[in-house]
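Visitor: Please walk me through this model. I would like to know how its chains relate and where they meet.

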Number of protein chains: 2
Amino acid sequence: MTLKERTAEAKRAGQITATLDEKIRNRALEAMARELTDNIPLILDHNQRDLDNARKDGLGQALLKRLALTEEKIREMARGVESVAALPDPLGRRSLHRELDEGLELERISVPIGLVGVIFESRPDALVQIASLCVKSGNALILKGGKEALNSNRILHELLYRGMLKVSERFEHSLMLVETREEIGELLALDEYIDLMIPRGSNALVRYIMDNTQIPVMGHADGICHAYLDKYAEPEKSLPLIRDSKCQYPAVCNAIETLLIHRDRVDMLPRIQEILQDVELRGDETVRHHISCTAAADEDWDTEYNDLILSVKVVDTMEEAIGHINRHGSGHTDLILTEKEHRAARFQAHVDSASVMWNCSTRFADGFRYGFGAEVGISTGKIHARGPVGLEGLTIYKYRLKGNGHLVADYAEGRKSFTHKDL
Amino acid sequence: MTLKERTAEAKRAGQITATLDEKIRNRALEAMARELTDNIPLILDHNQRDLDNARKDGLGQALLKRLALTEEKIREMARGVESVAALPDPLGRRSLHRELDEGLELERISVPIGLVGVIFESRPDALVQIASLCVKSGNALILKGGKEALNSNRILHELLYRGMLKVSERFEHSLMLVETREEIGELLALDEYIDLMIPRGSNALVRYIMDNTQIPVMGHADGICHAYLDKYAEPEKSLPLIRDSKCQYPAVCNAIETLLIHRDRVDMLPRIQEILQDVELRGDETVRHHISCTAAADEDWDTEYNDLILSVKVVDTMEEAIGHINRHGSGHTDLILTEKEHRAARFQAHVDSASVMWNCSTRFADGFRYGFGAEVGISTGKIHARGPVGLEGLTIYKYRLKGNGHLVADYAEGRKSFTHKDL
């Protein structure tokens with residue numbers, strides 16, 4: 001079978017999984033978790049082959065660490081799958097119930113999107129996480145992992161799929177693994193079948209996918225986040241927040257890359273430098289007038305360092321800060337530090353980002369911290385889902401209209417009229 | 001200024017209109033309506049130029065009719081704008097309010113998408129309708145109309161924009177008109193600035209736009225809708241519904257193109273032919289065994305006639321009908337005719353379409369009939385908005401998080417834990 005035929009089959013499989021009971025979907029998740037814990041040596045064995053190949057290919061330590069599985073990591077994956085089973089059902093939720101006329105009743109009900117494609121790099125646990133989210137939300141899934149994790153992905157896919165099928169054969173073809181690099185291009189062209197593409201990996205991977213498919217893509221290529229230290233900021237509160245937003249985990253998308261300082265707070269620069277001793281500061285001219293640091297170049301305002309580097313700029317007004325953020329930011333997460341509520345409200349209204357924080361760390365922008373139980377990813381798009389995306393982001397809705405012989409001609413020709421009464 | 005620069009300006013304008021009060025947006029709509037009714041002769045004069053050119057170019061009668069404005073049509077447009085002003089505010093709605101921990105409060109608030117692009121053909125009233133929906137929802141808008149309506153679009157744009165600016169100069173640059181055909185290609189490449197593209201026009205136009213841009217597109221290229229006459233259908237109820245779904249307005253997307261008949265109901269074929277006397281039936285072999293009609297070819301099952309033509313097929317089971325619809329349909333609107341509730345429920349669950357009807361006409365699938373007050377369009381996509389799309393479809397949300405010095409390090413290192421309490 002060609003990839004196109006297999007994808008068409010996965011699409012049809014999604015139309016079946018869409019109709020499965022919550023109980024069956026949850027039992028499948030429990031069976032998937034069991035397959036993982038029952039086959040730890042087998043998984044470790046496959047993972048070892050990947051590690052051996054990776055060492056031969058000279059993969060860096062950081063990547064090796066992401067690739068390596070342990071018994072504890074596998075048990076944790078299994079617990080993750082079980083915790084998805086425990087989440088509330090995202091399907092069958094009614095978001096509208098309206099009488100259009102006597103006996104003519106409209107409902108809007110949440111349903112799965114259909115067939116989701118996920119292209120991910122190295123981490124094999126991403127496969128398990130995304131598969132469990134798709135089973136929970138009734139979607140079919142096509143996965144393409146990185147070649148470094150070929151054997152790990154293959155065994156994880158096999159076990160998860162086997163677990164699902166043990167519960168019901170109606171999961172057939174709903175979890176598909178694609179292995180070769182050439183197939184990525186083919187997949188990206190199958191917009192006829194794939195309803196949503198989720199890239200998980202480097203900015204370069206995400207950008208590549210966004211630029212090369214007609215399939216809607218959910219994700220973010222950049223995370224250029226800002227903190228703005230307002231004229232009315234409280235120093236003792238603000239300093240730890242700046243540090244937390246930059247340093248708590250600098251390699252991730254919701255860490256800040258730029259600090260904007262109101263001109264009346266430049267006196268805080270030496271203390272900022274002190275709490276960020278391990279961070280390379282790149283300042284504009286005014287900043288360098290107050291502390292000694294590297295000079296920021298134009299491209300610094302558009303750079304995601306993902307590292308212990310922070311660009312720092314002095315602004316004359318909050319409006320200037322907002323303008324800078326809306327121009328240079330990536331609409332991900334931005335923060336205002338101020339004690340004035342009306343200024344915070346203005347900032348939160350005018351900054352055009354998915355998450356706008358007031359006096360708390362940008363690092364809170366995350367599905368688990370927001371209480372979604374699971375995270376599909378973070379989206380900087382402005383369509384469908386924005387910011388941290390939970391299970392809801394894997395659903396859409398359908399309208400069901402029930403009548404008793406109701407004709408449009410009667411309404412068009414004025415014999416009847418609509419009541420439009422919410423029920 | 002280049003088109004790119006103008007578009008960047010419109011994008012920034014959208015960040016301003018996003019923050020405007022409901023009152024100002026509604027006053028702008030009222031001012032826009034007034035400009036229309038105050039300038040009827042001027043509009044008619046411009047429209048006449050388009051009509052003269054169109055006649056010179058030999059435009060068909062149907063297109064001329066769509067292009068022609070009258071005093072009454074202009075007054076109706078103005079009333080349409082006023083009725084949008086009267087709709088509930090789609091912005092500032094809170095869809096989530098959660099305490100993450102003491103003093104750390106999360107809100108999810110509806111906001112405009114940003115900058116919307118609309119490419120439309122002939123009908124100048126589309127310009128007025130979509131502009132009013134965008135003003136109401138705080139979005140900036142770039143419009144590209146058909147060249148037949150160049151003069152009409154120009155004056156309508158000028159009047160609407162003038163009306164907005166009379167209310168507040170903060171609407172500056174938020175309504176932009178693009179006039180040349182070459183600029184369509186340029187617009188489609190500006191995914192950096194345009195957040196959503198809405199094509200309104202022929203299937204060919206919609207398909208072209210979907211295939212040639214990275215910007216998310218909302219709309220539908222095809223409307224291949226089905227009625228399925230079940231074994232348990234009630235003939236006296238079903239016959240008028242088949243006629244209404246096909247004939248009430250055959251040129252539109254929610255009219256049916258195919259009728260599927262359960263084998264046990266082939267006895268109804270002569271009566272179906274009778275009520276559809278003015279319709280060309282194209283039947284499969286079984287159908288032609290019972291009535292005399294044209295033979296359906298393979299491509300008939302994938303054809304949107306938009307005309308008084310109906311393909312008819314006999315199926316052995318409801319499952320076969322569902323399979324046919326999910327394979328050949330466009331996910332727009334489909335109908336089951338049956339008296340059995342459990343069969344209707346099964347059909348409505350398994351048919352993967354935006355609107356699934358039971359014993360009522362497919363023609364009800366429409367924003368006004370669904371009670372949305374205004375319609376942006378009908379979407380057959382499965383991301384963001386599906387089916388008839390109202391003002392809600394022009395909004396997305398942002399997260400606002402308010403804290404009091406809350407650091408992620410405290411949670412990551414176990415000193416604090418989340419409460420995740422909905423408020």
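**Symmetry and contact**

Guide: This is a predicted model. Chain A superposes on chain B by a rotation of 180° with 0.0 Å of shift along the axis, at an RMSD of 0.0 Å.

Visitor: What relation is that?
Guide: The rotation is 180° and the shift along its axis is 0.0 Å. That is the relation of a two-fold axis.

Visitor: In chain A, which C-alpha is nearest the axis?
Guide: The C-alpha in question lies 1.8 Å from the axis. The residue is A:His384.

Visitor: Which element of chain A gives the most to the side that touches chain B?
Guide: The contact takes 61 residues from chain A and 61 residues from chain B. Elements giving two or more residues on the chain A side include strand 1 (94–101), helix 10 (235–247) and strand 16 (395–406). The most, eleven residues, comes from strand 16 of chain A.

Visitor: How do the residues on that side of chain A divide into nonpolar, polar and charged?
Guide: This is the side of chain A that touches chain B. The division is 28 nonpolar, 20 polar and 13 charged.

Visitor: Why do the copies meet through the same surface?
Guide: Take the interface residues of chain A. They are also interface residues in chain B, so the surface is the same; the share is 100%.

Visitor: What is the bridge partner of A:Ser355 in strand 16 of chain B?
Guide: Strand 13 of chain A pairs with strand 16 of chain B in the parallel sense, over five bridges. For A:Ser355, the partner is B:Tyr399.

Key: Residues numbered from 1 in each chain as written. Chains lettered and ligands numbered in written order. Predicted model: local features only at pLDDT ≥ 70, side-chain atom pairs only at ≥ 80, totals over all residues. Least-squares fit on C-alpha atoms with pLDDT ≥ 70 in both. Contact = placed C-beta atoms within 7 Å. Helix = DSSP H or I, 4+ residues; strand = E, 2+ residues; numbered from the N terminus. Nonpolar A, V, L, I, M, F, W, Y, C, P; charged D, E, K, R; others polar. Pairing = 2+ DSSP bridges.
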